[in-house]
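The sequence and structure follow.

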Amino acid sequence: MTDGPPTARNRAAAITAAKAALQDDARPDAMAKRRRDGKLSARGRIEALVDPGSFLEAGGLAGPHRDNPWNAAIEAPSDGNVTGMARIDGRPISLVAHDFTVLGGSVGVAGSQKNNMAIERATKAGAPLVMLVEGGGHRIQDGQNSRHFAAGSRVFHLLGLNSGWTPMAVAVLGSGFAGPTNYASMADFVVMLRENAEMGMAGPALVKAGIGEDIDKAALGGAALQVDKHGIADLGVADEAEAFAAIRRFLSYLPSNANAPPPVQASAPPSLDQEALLDIVPADQRKAYDVRQVIEAIVDGGSAFELKPTYARNVVTALARLDGRPVAILANQPKVRAGMLDAPGCEKAARFVGLADAFGLPLVTLIDVPGFAIGSKAEASGLARRSGRLFFEMAHLTVPRISVALRKGFGSGYIAMGGGRSFDASFAFAWPTAEICAMSVEGAVDVAFKRDVMSAPDPAARRAALIAETRARIGAAQAAEGFGIDDVIDPRETRSALIRGFALLPPRMPDPGPPKRRGLSPI
C-alpha cells in the first residue's frame, strides 16, 4: 500500500504485482508437485512449444466467478486456463494451455470464455490453433448452476466452423476426460503421452457414479487404447518434449490456413537409393514387404511423418515432402493383412484424404490392394458404410492427385485408392509389377470356371492354365494399352515423375461438382 492519492506509477506497480502472482515462481508448492510428477506447468509448456519470447498472453488477470456457495471461496489464477498468441517457426498460432495446478485444470466461466476467444482468434487471424490439455473439463462448482449452463457453450460451434480453415492440434498431457476429449475429437492432429495421460467421455469417478463400473484411468482411456486400438489420438509419445516436437513437425507441412500455400523447405535426396525400388516390391503377390521403404525411397530424406502409425496398420498415411514441397501419401501396407481395406483402414484413410484436401496438399496414392475385407467380421464392423466415407472424401478432392499402382490393384479397393480414372486422378501410373483387375485371379477362376475346372480330366492343371491365361491379361502393359492409366514407369522414375507431375499442375483443380450446399458423408 502507498500513502497519498493514487498515481499512474503506483497503479502500474499494482498491476505488475498482480501479474507476478500468476507466474510459476509465485506458486512454489504447486510447481514442486509438477516437477515430482514429471510434468511442466501450463506456462512452462507454452515456453517449450513456441518460439522464444513470442507468447502474448490474453486473459491472464481473468478470475473465477464467485456467485454461489460452491464457488464463493475459490482461488483460481487465470481461471485455470492460459491463453494467447505466439509463433511456431516464425508463424503465428493461437493457443490454450490448461493449468492442472488450478482445481485440476477445470474450466470455469471465465476460462471457458478464454477458450472460445482463443478459437475465434485462430479463425479471424487465419492462424493454427494449438490446445495443451490436462484436466477435468467444465468446473463442477460453476456448471451446476443453470444461470450459467443453460446457455450451453459455443466452443464446439466455433471449433466446427474453424475446421478445415486453420490446422488444429491437441496435446493430451495428463488426464483429459470429458471436455478435453471433446476438443480432441474436433482436432486435425492429436498427440498423447503414453504414460500418465488418458482420454475418454468421462473419468472413472463419473463412470462409477453413472453406471456402477469400477475401472482405472489407464484401462478406461490410456494410450494403449486411444492411440493403438481405437485411433482416437494420432500419435503416442514418451514425454512432453516429444509431444511438442510432434506438433511443430505436424504444423510444418501445413499452411497457416486454407487460403495460404503450404510452406516449402529445401529439397533433400531420399533416404534410400532409387535402385532399391527394384528389389523392395516382389513380383510374387504372395510375398509381403514394407511399403514404408517405398515411401522412404521416393520422398525427401527424413521428411516422412506418419500419422496413426500404430492404428489400422494395413494402411499408411504420411505427410512428406517432394523436392521440398509438402505432399500427402496414402498407401496400402502389404505387410499387414495384405494391405486390404477394412473399416478402421477406411476411416483412417478417409480422414487423411480430407486433411490433405482441406489444406491444399497434393495426394499420392501407392496402390497394392487385394480389395475390401469380406466376411461376417467385416460386415459387423459396418464396413458397408465405413467404406463409403473413403469414396466420399475421394470424390470431393480438389487438390492434384497422382496414383501409382505398385502391384495388386483389385476390385473396389483399387477404385477407393484412386486408381486409374476413378476419381479424376491428375496422372495415373503403374509399375511393371502391377496387376489390375476386378478381383484376385484365383478367386475369379474358382467362381467363374468352377464347373469347367471340376469337369476337366486334370482339374488342377486346368485351373492352373486358366489362372495363367487370365494373369496374362491383367498386367501393367495391358492397362496402358487400354489407356486406363497414363503410363507404366520404371520404379526408379517414380520420384521424378511425381515431382515433375505436381510442378505442372495448379494448386487446386476445378471443383467438378454441381452447385450444392454440401455433401452428406456416409459416416
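## Second largest cavity

The second largest cavity holds about 40 Å³ of space, in a model that is predicted. A cavity here is a set of points on a 1 Å grid over the protein atoms alone where a 1.4 Å probe fits but cannot get out, and lining residues have an atom within 4 Å of a point. Volume is the space filled by probe spheres set on the points, which are joined across faces, edges and corners.

The lining consists of Ile295, Ile298, Val299, Leu322, Ile329, Val364, Leu366 and Leu498. Two or more of its residues come from each of α14 (291-298) and β13. By class the lining has eight nonpolar, no polar and no charged residues; Ala, Val, Leu, Ile, Met, Phe, Trp, Tyr, Cys and Pro count as nonpolar, Asp, Glu, Lys and Arg as charged, and the others, Gly among them, as polar.

## Largest cavity

The lining of the largest cavity divides into seven nonpolar, three polar and one charged residues.

## Packing of α15 and α17

Helices (DSSP runs of H or I, at least four residues) and strands (E, at least two) are numbered from the N terminus. Helix α15 (residues 343-358) packs against helix α17 (residues 383-395) at about 20 degrees, with the axes 8 Å apart. Axes are lines fitted to C-alpha atoms, for helices over the stretch in contact, and angles run from 0 to 180 degrees between N-to-C directions. The two helices are therefore roughly parallel (under 35 degrees; over 145 is roughly antiparallel, 65 to 115 roughly perpendicular, the rest oblique).

The contact (heavy atoms within 4.5 Å) includes Ala343, Cys346 and Glu347 of α15 and Leu383, Arg386 and Met394 of α17. It comprises eight nonpolar, two polar and five charged residues.

## Packing of α19 and α21

The axes of α19 (residues 441-448) and α21 (residues 459-471) come within 9 Å and cross at roughly 125 degrees, which makes α19 oblique to α21.

Val441, Glu442, Val445 and Asp446 of α19 meet Arg463, Leu466, Ile467, Thr470 and Arg471 of α21. These residues divide into four nonpolar, one polar and four charged.

## Basis

Residues are numbered from 1 along each chain as its sequence is written. Local features need pLDDT of at least 70 and side-chain atom pairs 80 or more, while totals for chains, interfaces and linings use all residues, and side-chain values use heavy atoms, leaving out hydrogens and water.

Note on methods. 1 Å grid on protein atoms, 1.4 Å probe; cavity = no way out; pocket = protein on both sides within 12 Å on 5 of 7 lines; lining within 4 Å.
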